[in-house]
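This report describes a protein model for a reader who is new to structural analysis. Please keep the sequence and the structure in view while reading.

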Amino acid sequence: MSQNNCSTPWSAQQSEDLKFFEERLKSNLSSISPNAWKWKALFFVAVCCVAMSLLKWWSNFDYENDPIVSSLLSEVSLLLSIVFLSLLLLIGAHHRLRAPSILAGRVRRVLKDYNMSIDNSGRLILMPSTPHPANGKR
């Protein structure tokens, strides 16, 4: 049985495994990214609709004669855009916007124990090995 020290070079099998793992990470992150861009665009449109509707309402608002609540309820575009934005938030669109970075962060946290990391595209980064605190000198 051969012992595998940290100072020994990677075997061919380990290199193949790391390459396969890196390709799998890249494919997972790249498959999530287009969906994230779609959700970002949808979220951006919803926020812009709310902002434009609020601006329209604010410019037409008669401070002296109209109560705020009835004025807001009479502005249909504002109500619809707020409902649309609320629905996006309720279905979790704000989490889907950040899905690639959430996945990359979780993978980084796991790979840290193995002296590895990844960049945002999924490429593996091999870190120099550090001595384990229990094996270090006192």
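## Basis of the report

The model is predicted: local features need pLDDT of at least 70, side-chain atom pairs count only at pLDDT 80 or more, and totals for chains, interfaces and linings use all residues. Residues are numbered from 1 along each chain as its sequence is written, and side-chain values use heavy atoms, with hydrogens and water left out.

## Overall layout

The protein contains five helices and two strands. Helices (H or I, at least four residues) and strands (E, at least two) are DSSP runs, numbered from the N terminus. Read from the N terminus, the order of the elements is α-α-α-α-α-β-β.

Of the 138 residues in the protein, 21% are buried. A residue is buried when its relative accessible area is under 20%, exposed when it is over 50%, and partly exposed in between (1.4 Å probe, protein chains only). The protein exposes about 10900 Å², and carbon and sulfur atoms supply 63% of that area. Accessible areas come from the Shrake-Rupley method with a 1.4 Å probe; for residues, only the protein chains shown count as cover. Among contacts (heavy atoms within 4.5 Å) with a separation of 6 or more, 58% involve residues 24 or more positions apart.

## Helix H1

Helix H1 covers residues 12-60, which makes 49 residues. From its first C-alpha to its last it reaches 72 Å, close to the 72 Å expected at 1.5 Å a residue; the expected span is 1.5 Å times one less than the number of residues.

Which residues of H1 are buried? They are Leu 18, Glu 22, Leu 25, Leu 29, Ala 36, Phe 43, Ala 46, Val 50, Ser 53 and Trp 57. These buried residues pack against helices H2 (68-74), H3 (76-90), H4 (93-97) and H5 (99-111), and against strands E1 (116-118) and E2 (124-126). One of them, Ser 53, is buried because its relative accessible area is 7%. Beyond residues up to four places away in sequence, Ser 53 touches Ser 77, Leu 78 and Ser 81.

## Nonpolar cores

A nonpolar core is a set of buried Ala, Val, Leu, Ile, Met, Phe, Trp, Tyr and Cys residues joined through side-chain atoms within 4.5 Å. The largest has nine residues: Leu 18, Leu 25, Leu 29, Ala 104, Val 107, Leu 111, Met 116, Ile 118 and Leu 124. H1, H5 and E1 are the elements that each give two or more residues to this core. Apart from this core lies another, of seven residues, among them Phe 43, Ala 46, Val 50 and Leu 88.

When neighbours within four places in sequence are set aside, Leu 25 is in contact with Val 107, Ile 118, Gly 122 and Leu 124.

## Salt bridges

A salt bridge is a side-chain nitrogen of Lys or Arg within 4 Å of a carboxyl oxygen of Asp or Glu. The count by this rule is three. In one of them, Glu 22 pairs with Arg 123, with the closest N and O atoms 3.9 Å apart. This pair links distant parts of the chain, since Glu 22 is in helix H1 and Arg 123 in the loop between E1 and E2, 101 residues apart. Glu 22 is buried at 14% relative accessible area, whereas Arg 123 is partly exposed at 44%.

Lys 56 and Glu 75 also form a salt bridge (3.2 Å, N to O). Lys 56 lies in helix H1 and Glu 75 in the loop between H2 and H3, so the pair ties together parts that are 19 residues apart in sequence. Within helix H1, Lys 26 and Glu 23 are three residues apart, and therefore separated by about one helical turn; their side chains meet in a salt bridge of 3.7 Å, N to O.

Most residues other than glycine have a negative phi. Asn 115 is not a glycine, yet its phi is positive, about 55°. Asn 115 is found in the loop between H5 and E1 and is partly exposed, with a relative accessible area of 25%.
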